[in-house]
Amino acid sequence: MRVGLIGVGLMGHGIARNVLARGGFGLTFLDHPGNQPVDEITGLGGRPAASVAEVAAASEVVILCVTGSPQVEAIVGGEDGLGTAITPGTVVVDCSTALPDSTLRMGAIIAAAGGAYLDAPMTRTAKHAHDGTLNLLVGGEAEVLEKVRPVLASFTASVQHVGPLGHGHRLKLLHNYVSIGFMSLLAEAAAQAADADVDPQIFVDVLAGGGGASAALDRLAPYIVAGDREGLPFFVGNAQKDIDYYRAMAADAGGQQIIADAVSAALGAAVEGGHAQAYVPELVTLFRKP
């Protein structure tokens, strides 16, 4: 299959290299100033395209890996977007983190153009993207998933069909709320421990030996102990965006969001302080007392 990719960022770069190197598929990607350096991708045979329409014309499967719903809506529903440019039978796979209601609208646009839509948000990190071991939560028709599964297998360790269209993004927001919420709470506790001159290694060891043992601790411990932020290259601004998407989803469903509101406020203060491009582990420092 001929593959298109829109969004060669921290996660999309890893997807691109594995579609080419592991999967052996032809790849056309959108040339965009937000991309990571693409020398490796072009060196593996990836071909840059000047427009979304050019990507669509070259592809049977188009993967989206962009920031969120506004970007997806512009790519799918905008002038000269995928909704007007795809050929019948094209499958659009949205690996972004987006709002489920928006996903349903984008799916309808693609269906009207004769294509099919899957929401397939990723869990795990940019390192896993580079290594080709991402996990995908896929919403949409099972038959469509099976059609593109060989492409998805090139950059994943697990591809889980989680229900109808929109359920992939719904579960991703639930997942990220829990994950980011845990890490925000841990960062605040680690900041308080540092303010009280608690040995950081002892702090980590005590949590790891009790109820604080978690993936959140594993990801933040290198920064807590040694100031190494690279274990989780995920921007605070994107974390706040994901929490606010969760809050919007919860509000639409009439659900409680008291804790989500607090997490958003904590992250928002860091963003308003000019730290949107800080990595999430750096919250440990940002949450310390003045």
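This tour visits some salt bridges and then a pair of packed helices.

**Before you start**

You are looking at a predicted model, where local features need pLDDT of at least 70, side-chain atom pairs count only at pLDDT 80 or more, and totals for chains, interfaces and linings use all residues. Residues are numbered from 1 along each chain as its sequence is written, and side-chain values use heavy atoms, with hydrogens and water left out.

**Stop 1**

Side chains of opposite charge can pair when their charged atoms come close. Here a salt bridge means a side-chain nitrogen of Lys or Arg within 4 Å of a carboxyl oxygen of Asp or Glu, and by that rule the count is twelve. Select Arg105 and Glu73: they form one of these, with their closest N and O atoms 3.0 Å apart. The pair links distant parts of the chain, 32 residues apart, since Arg105 sits in helix α6 (residues 100-112) and Glu73 in helix α4 (residues 69-77). Helices are DSSP runs of H or I with at least four residues, numbered from the N terminus.

(Buried means under 20%, exposed over 50%, and partly exposed in between, using a 1.4 Å probe and protein chains only.)

**Stop 2: Arg288 and Asp195**

Next, select Arg288 and Asp195, whose side chains meet in a salt bridge at 2.7 Å, N to O. Arg288 lies in the segment after α14 (283-286) and Asp195 in helix α9 (residues 167-195), so this pair links parts of the chain 93 residues apart. Arg288 is partly exposed, with a relative accessible area of 39%.

**Stop 3**

Now pick Glu230 and Arg229, a salt bridge with its closest N and O atoms 3.4 Å apart.

**Stop 4: α9 against α13**

Finally, show α9 and helix α13 (residues 258-275), which pack at an angle of about 60 degrees with their axes 10 Å apart. Axes are lines fitted to C-alpha atoms, for helices over the stretch in contact, and angles run from 0 to 180 degrees between N-to-C directions. That makes α9 oblique to α13; angles under 35 degrees count as roughly parallel, over 145 as roughly antiparallel, 65 to 115 as roughly perpendicular and the rest as oblique.

Which residues of α9 meet α13? Tyr177, Ile180, Gly181 and Ser184 in α9 touch Ile259, Ala260, Val263 and Leu267 in α13, where contact means heavy atoms within 4.5 Å.

Notes. Helix = DSSP H or I, 4+ residues; strand = E, 2+ residues; numbered from the N terminus.
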